[in-house]
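Q: Could you walk me through reading a few features of a protein model, one at a time?

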Amino acid sequence: MKLTMYQIDAFADRRFEGNPAAVCLLPHWLDDEIMQAIAQENNLSETAFVVESKRGYEIRWFTPAREVDLCGHATLASAHVVFNSLNRGVEEVVFQSRSGPLKVGRDGDLLEMDFPAQPPQPCALPAAVRNAFDEAPSHCLRGDDFIVVFDSENAIASARPDLQEIQKLPLRGLAITAKSEAYDFVMRFFAPRFGIDEDPVTGSAFTQLIPYWSGVLGKRSMVARQVSSRGGDVRCEMQGDRVKMAGRAATYFEGKIRI
């Protein structure tokens, strides 16, 4: 069987920035083992699998190690493929997922995702987080991931965490964040348990960070940057129990794979 696959740089104004995601188009769902093998072969932080159905499009996401319930940048990448290759006439696409319907609209080359907000709750600082960093964070929260807040954005950019300690955490991953002068806030994300030492841009983590920073800063609309080596800007908006995340995407390649 031949399958069409794209590699898209998401949350990127141009190629070689943002977070690369594979988007694999399927005629029907394959066995989980095959999809996991494709994701492992791609060796990107996420591979999105998309099936067109009567409800529009269905989507699932796999890291090189396992399936996840939600992925922002690979959803943005999948919407980019729909808008530019599959259905050029539409202005909005809804993906049916394990986390519910995920809406993506477009305004020119800017893509805006509408996701459920996932406000994190304050928690005690896990010993593994305390041991992973030279500098102690000021706050710790828990949602799908642990989120630790530092007092300066320099602490985010200069952090060299002990990934073996982070791997001990029982949740998906760890986001570190701080208020910023150039942006509203900055962040980085680590998920070694899922085969991702550091993720370039993590849309799903923003579903937790946007509610937090909206409350702290007293703002609904914000601009954030994930300060990974590739980096990426995310336009953020809090709307009730939903969050909106907007960014651009660029196609790196389109091709065929054989399975």
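Q: Is L217 buried, exposed or partly exposed?

A: Relative accessible area sorts residues into buried (under 20%), exposed (over 50%) and partly exposed in between, using a 1.4 Å probe and protein chains only. L217 comes out at 22% relative accessibility, so L217 counts as partly exposed. Before we go on, this is a predicted model, where local features need pLDDT of at least 70, side-chain atom pairs count only at pLDDT 80 or more, and totals for chains, interfaces and linings use all residues. Residues are numbered from 1 along each chain as its sequence is written, and side-chain values use heavy atoms, with hydrogens and water left out.

Q: Where is L217 found, and what does L217 touch?

A: Helices (H or I, at least four residues) and strands (E, at least two) are DSSP runs, numbered from the N terminus. L217 is in helix 6. Contact means heavy atoms within 4.5 Å. Not counting residues up to four places away in sequence, L217 touches K179, D184 and M222. D184 lies 33 residues from L217 in sequence, with 8.3 Å between their C-alpha atoms.

Q: How do I read a nonpolar core, and which residues have the most contacts inside the largest one?

A: In soluble globular proteins, nonpolar side chains tend to be buried together. A nonpolar core is a set of buried Ala, Val, Leu, Ile, Met, Phe, Trp, Tyr and Cys residues joined through side-chain atoms within 4.5 Å. Here the largest has 55 residues, and W61, F95 and F206 have the most contacts inside it. Helix 2 (residues 72-86) gives this core its largest share, seven residues. Another core, of 19 residues, lies apart from it and includes F133, A155, A159 and F190.

Q: What is F206 in contact with?

A: Setting aside neighbours within four places in sequence, the partners of F206 are F185, M187, P211, A224, Q226, V234, C236 and M245.

Q: Which residues lie nearest the centre of the largest cavity?

A: They are E46, R172, D199, T202 and S204, out of 15 lining residues. At least two lining residues come from each of helix 2, strand 13 (185-191), strand 14 (196-199) and helix 6 (203-217).

Q: How many disulfides does the structure hold?

A: A disulfide is a covalent bond between the sulfur atoms of two cysteines. The test is a pair of cysteine sulfur atoms within 2.5 Å, and the structure holds zero disulfides. For C71, the nearest cysteine sulfur, that of C24, is 15 Å away. C71 is buried, at 3% relative accessibility.

Methods. 1 Å grid on protein atoms, 1.4 Å probe; cavity = no way out; pocket = protein on both sides within 12 Å on 5 of 7 lines; lining within 4 Å.
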